[in-house]
Structure formats: structure tokens, C-alpha cells
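The following exercises concern a single protein chain. Please work through each task before reading its solution.

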Amino acid sequence: MSLQMVTVSNNMALIQPGFSLMNFEGQVFFFGQKGWPKRSCPTGVFHFDVKHNHLKLKPVVFSKDSCYLPPLRYPATCIFRSGVESEKQQYIIHGGKTPNNELSDKIYVMSFVGKNNKKVTFRCTEKDLVGDVPEARYGHSIDVVYSRGKSMGVLFGGRSYIPSAQRTTEKWNSVADCLPHVFLVDFEFGCSTSYLLPELQDGLSFHVSIARNDTIYILGGHSLASNIRPANLYRIKVDLPLGSPAVNCTVLPGGISVSSAILTQTNSDEFVIVGGYQLENQKRMVCNIVSLEDNKIDIREMETPDWTPDIKHSKIWFGSNMGNGTVFLGIPGDNKQATSEAFYFYMLKCAEGDVNEDQKTLTNTQTSTEDPGDSTPFEDSEEFCFSAEACSFDGDDEFDTYNEDDEEDESETGYWITCCPTCDVDINTWVPFYSTELNKPAMIYCSHGDGHWVHAQCMDLAERTLIQLSEGSNKYYCNEHVKIARALQTPKRVLPLKKPPLKSLHKKGSGKIITPAKKSFLRRLFD
């Protein structure tokens, strides 16, 4: 195993805990930036181009028939193919956290369209579900199993906000374990069915999942209710006959106690588990090899890499699987130095050579919803996101790059703003202002000029008014610009005044017409 530092040439601030990596045709793409996508890259998806330990983020575009994809951080992702032997793949994205701290319950399907004129194009569509629809969550897993020529998605675990009836201002962002239900999702027809298996007693979060043909292995994870990381190992087998699916779970020996670990594949039957946490206040520095052979799983410790002092002493770490046995790691920078970077990044190579392209095993792990500053650093708050292989585009470096200079400072956009001279919202003590909010105040968009966001709280908008403005297409102007906007409005059309016709004056005794000008001349003449 070798560990090398990676330098980031641009947009380093976008790479923070909670991002995801996707692999399409050997090319790696970054998804899940912090904050809403900006005008230089409205999709929020970037090519993750690593060459000679140097990383560049290059924006991609969406096709015209794509839906809007919010910058979800900490979602569950997995690769989906129409069949085991199929080469064409898509990515399934479920759950995750939006920039205003809401949890998503939607399923998005991401597919690769092509590369034209040095621009990579994706198609993103939203998949509607019927039946037992999984609630919004994070820290869960989604995998795809194949049985009898059919495929099915399997969703398990995670955390969600406590029911709305139990939420108060003090506990607005409190989370709880999701019920230990196993959801089977038919991506073709959009049907979802939940199963309650007696072997699964806890809705484990931040676990590691490995899908192989018709079987999924669940190991590690964290139970919020008991605050433990049980060394459990489950095997979930899914049979897809012509009738109803059959789902069975078996408890296996030999599990490990770990949460938030990264899984990377080194060959068709072997994986490596890197990172994670073994206690609430202790990172797990041990690496494990996972071998799958003849429906058996074997987990054993392996030689650890030569961790740097910075990695050893950091309180948190995060990263993602880059494929080909390579892991991308990040740790916080030394904030004691004025010129210190926010994060330092490394590439850990667990195996030499390429993974077999015909491999039939797909891997997946999960992420959490908290930022480094939002919780204690040792909790399962800095989770990992996984999947993709490291490879670069064939071609030169003339790819259109994301222009960071075009962007506005994060403190002046979105929720993190001072919206008006009288704004008294303290960004360090966000509290929900309306029942529709989670932990940020409600916002409304002022249509004056290029537009800008303002707090509904500062504009003294009632919740009912806010909802009406949000649902309608009417323009809204903040208190500062409402008078200007009214002055700029086109005045109502006023009918011209009817002028009375000029009366013709006739001189007595003559048939000639005396005009007003001639009448004035005659007056001056006789006077």
C-alpha cells in the first residue's frame, strides 16, 4: 500500500465531507458540492481529473431533457446495469442532504450521454416510486441484486429526522435510526416493497455493503439508539422468481466493529476496507481484506499504510473510493496557521494494476449529513462516500474549466448572507423561523435587478404569504426595492384627452372664415 499527497489546482473549497464520486466508462466525476450550484457550473457535477497526483475539477453539462438535481451531500449511490453482463451502466442516487439542511426522499438516475466539443454531457431523471416508499434519510445503503435474469434495488438502514410532531426548536435537527426495514425497489416500474426480517433488529447506519449477484453483505455500522458499533455480519439473499420476491437474512460470524469505512475493490473477489471509526472518539486505523468465494465471506486484517503524522492526529477524515484499489482521503488542515489550507488530500493505493473490467461485483457505502463544524468531530458525522475508478480523459488540457473568479463569496449568497441593512439574523445561531424550515430561516427571492435572496424574517413576511409567493409565479420585491420596482413599472395606458374642435369665426357680411391667428391680427390692427 502506498500513500501519496494530492494537490488541488482549483476549487478546493468544493471538496468537503459528503461528496460522492461516480464512474462512467473509466472516468471519475465529482458530485455534491457544499452550497447551491453556481452559474459557472449549474449542474454541480465536475470531472474529477487526477494526473500525476494533481487534481483538477472541470464542469460538465446536463442534456435538455434532464431534471434539476440539487447538490445532495451524503446520499446513497450505486451502479445499476440492466443485466449482470450489460456494459451500459447508470448511477442511482437516493436520499442525502440539501444545502438548506433538508433530507431528500427522491431517487435520481444519472446516465452518461457523451463528450462533445470537450464538454461531458449527462442525463439526470427523477424516478417516482409507489407502494412502500422509503422515507427521507442519510447514512443508508442502496445496492442492486440480479436474480433469474431480473434486477432489483435493495435499500437498508440510515437515519432520518424525528417525526414532525416531536420536533421543537431545540430538537429541530434531532435524528433517529430508521426502522430496520429492507426495501426492494423496481427501477423499471417504480414499485417499492418493504420487508421486516427478524434477524435485523437495528436500523444500522454508516455500514459497509457489498452486492454480489443475488446477495448483499452488510457489515459494521452504528446504532444510534444503543450508541454501539456491533460486530455484526449479515447476508441478505434475494430471489426474484415470476411471483413475489423472496428475501432471506442470515447472521454470519466474523464481523468487524466499524462505521463510516471506505470500501475499494482490488480484484474480482477481493476488497479492502479503509478508514472509519471504531469508537465515538477514535478513528479506525486498521485495514481489512474482504474475500468472497463460493458464497462465503472472509475478513482479515492486512498491513496498514504508513500513515502520516497529520492523518494520525487528525480528529476526522473523509474520502471516497476511486476504483482500481485506490482511495481518495481528506483531512482538515492546520487552522493554527493563517495560510493553512482548509483540507489536505491523499491518494491511498491498495493494489497495483487494474480491476477486471468484467467484474460482476458492485460496492457501496454511505455518508452522514453533518459538517465538521456542526457536530463533535469524532461522531459518525464525517462519513464517507464511495464508488468510481480513477481515470482521465483522453486528450489535452484545453477542457473548459470552472472559473472560480466568476463566483460570489459564499457569505454573500444563499442562506449565509446579510440580506438588508437591518438584517439581525445571526449565522452562528440559526433557528427555524417557520414550520417549513429545518434549521435555516425561510428565504424569498427579490426580483429586482439580477435578483438576490432575502430572509422572510427580516422582510416581516407571514408564513402564508411566503408559501403563496413560493407557489405562484408572481415577482416579489424586498422592502428596499419595492419602491424602485414600482417606479420602474410601466404606467397604465391612459386614453388621450379629447380636444374640443376649434370654432371657426365668421365675419358678418362675408363668407370668409376668420382663423384665430387672423382674428388676433385684426384686434391688434384696430386697437
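**Exercise 1.** What percentage of the 527 residues of the protein chain count as buried?

*Solution.* The model is predicted: local features need pLDDT of at least 70, side-chain atom pairs count only at pLDDT 80 or more, and totals for chains, interfaces and linings use all residues. Residues are numbered from 1 along each chain as its sequence is written, and side-chain values use heavy atoms, without hydrogens and water. Buried means under 20% relative accessible area (1.4 Å probe, protein chains only). By this criterion, 51% of the 527 residues are buried.

**Exercise 2.** Describe the surroundings of Arg-284.

*Solution.* Second, examine its charge: Arg-284 is buried without a salt bridge, that is, a side-chain nitrogen of Lys or Arg within 4 Å of a carboxyl oxygen of Asp or Glu. The nearest side chain of opposite charge, Glu-301, is 5.1 Å away. Third, the Arg-284 side chain reaches the backbone oxygen of Val-286 at 3.1 Å. Finally, beyond four places in sequence, Arg-284 touches residues including Tyr-277 and Trp-317, where contact means heavy atoms within 4.5 Å.

**Exercise 3.** Identify residues with the most contacts inside the largest nonpolar core.

*Solution.* A nonpolar core is a set of buried Ala, Val, Leu, Ile, Met, Phe, Trp, Tyr and Cys residues joined through side-chain atoms within 4.5 Å. The largest has 21 residues, and those with the most contacts inside it include Phe-30, Phe-48 and Leu-57. Strand E3 (27–31) and strand E4 (45–51) are among the strands that each supply at least two of its residues.

Definitions and conventions:
Buried < 20%, exposed > 50% of the residue type's maximum accessible area, 1.4 Å probe, protein only. Lys, Arg positive; Asp, Glu negative; His and termini not counted. Polar contact = N/O pair within 3.5 Å; in protein donor to acceptor, adjacent residues only side chain to side chain. Helix = DSSP H or I, 4+ residues; strand = E, 2+ residues; numbered from the N terminus.
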